[in-house]
Amino acid sequence: MEFIVAKDYDELSQKAADIIADIIKNKENPILGLATGSTPIGTYQKLVEKNKNGEISFKNTVSVNLDEYLGLDPSNDQSYHYFMNDNLFDHVDIDKNNVHVPEGGLENPEEDAKKYDELLKEVGRRDVQVLGIGNNGHIAFNEPADQLNVNTGIVDLTESTIEANKRFFNSVDEVPTRAISMGLGGIFNAEKIILLISGKNKHDILVKLLEDQKIDTHIPASLLALHKDLVVIVDEEAYNG
């Protein structure tokens, strides 16, 4: 594991963007695994800048995302389809046919999960997977539990996750309670994983990850220690608390 402490969120975002940009430059057909949430927004802004100034091109890039709320139409401004378009895809030269986000339909979500796993197999091993972390240690929407999904599945969000996400909605009652999420096997199918941890509210979970030194399904992010190429980038607020 490579552990990097950035002085602030801007430096964290820059370091992550530089790693991703190097992959895009050096791969003929780069495959990116992307994440949503507030933490990677700065990284995407840096990548947009690099694209605008001609440093990188997304023309031959394929991307896959980790998860999506169930029951939100892609046009809903709180859906992860909308998030990715708004923060990255609408601002770079990527072919939207090469952009993949799980479907959040309610008719047959289990079948949608199987289809997404089939798509992940077709896309192949990602060159890099970007991750954030929840206050409870979740990665993607793999919540703390005795057992964790290997494949893409439907998950019930914990109260702490719903509470954390209510800031994006008008009220807690509007926050979806279920999601479709890539499983741990899917997350691990990447050459490199970048875990971004930012802000004072992530200090406690960072301390657990650093001090416990154990694999615990009730802290899903702890399993990332098993990956052969993990880069953890934290800012000083998260590190110092």
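Visitor: Which residues does Asn65 touch, leaving out those up to four places away in sequence?
Guide: In this predicted model, Asn65 touches Leu34, Ala35, Thr36, Met84, Phe89, His100, Val101, Pro102, Tyr116 and Met182.

Visitor: Where does Asn65 lie?
Guide: Asn65 is in strand S3, which covers residues 62-65.

Visitor: Buried or exposed?
Guide: Asn65 is buried, because its relative accessibility is 0% and the cut-off for buried is under 20%.

Visitor: What does the side chain of Asn65 reach at 3.4 Å?
Guide: That is the backbone oxygen of Leu34. Leu34 is also among the residues Asn65 touches.

Visitor: Changing topic, to the aromatics. How many aromatic pairs are there in the whole structure?
Guide: A search of the whole structure gives five. One of them joins Tyr69 and Tyr80, with 5.0 Å centre to centre and 35° between the planes, and that pair is tilted.

Visitor: Which parts does that pair tie together?
Guide: Tyr69 belongs to strand S4 (residues 67-69) and Tyr80 to helix H3 (residues 80-87), so the pair ties together parts 11 residues apart in sequence.

Visitor: And how accessible are Tyr69 and Tyr80?
Guide: Tyr69 has a relative accessible area of 2% and is buried. Tyr80, at 10% relative accessibility, also counts as buried.

Visitor: What about the pair of Tyr80 and Phe141, how is it arranged?
Guide: Tyr80 and Phe141 are stacked, at 6.1 Å centre to centre and 15° between the planes. This pair links distant parts of the chain, 61 residues apart: Tyr80 is in helix H3, and Phe141 is in the loop between S6 and S7. Phe141 is buried, as is Tyr80.

Visitor: Which residues form the aromatic cluster?
Guide: Tyr69, Tyr80, Phe141 and Phe169 form one cluster.

Visitor: Now the backbone. What is phi of Ala140?
Guide: Phi of Ala140 is near 55°, which is positive, in a residue other than glycine. Ala140 lies in the loop between strand S6 (128-131) and strand S7 (153-156).

Visitor: Is Ala140 buried or exposed?
Guide: Ala140 counts as buried, because its relative accessibility is 9%.

Visitor: Then Gln213, what is its phi, and where is that residue found?
Guide: Phi of Gln213 is near 55°, again a positive value in a residue other than glycine. Gln213 is in the loop between helix H7 (203-212) and strand S10 (230-235).

Visitor: Buried or exposed, that one?
Guide: Gln213 is exposed, because its relative accessible area is 64% and the cut-off for exposed is over 50%.

Definitions and conventions
Residues numbered from 1 in each chain as written. Predicted model: local features only at pLDDT ≥ 70, side-chain atom pairs only at ≥ 80, totals over all residues. Heavy atoms only, no water. Helix = DSSP H or I, 4+ residues; strand = E, 2+ residues; numbered from the N terminus. Buried < 20%, exposed > 50% of the residue type's maximum accessible area, 1.4 Å probe, protein only. Polar contact = N/O pair within 3.5 Å; in protein donor to acceptor, adjacent residues only side chain to side chain. Contact = heavy atoms within 4.5 Å. Phe/Tyr/Trp six-rings, centres within 6.5 Å; stacked < 30°, edge-to-face > 60°.
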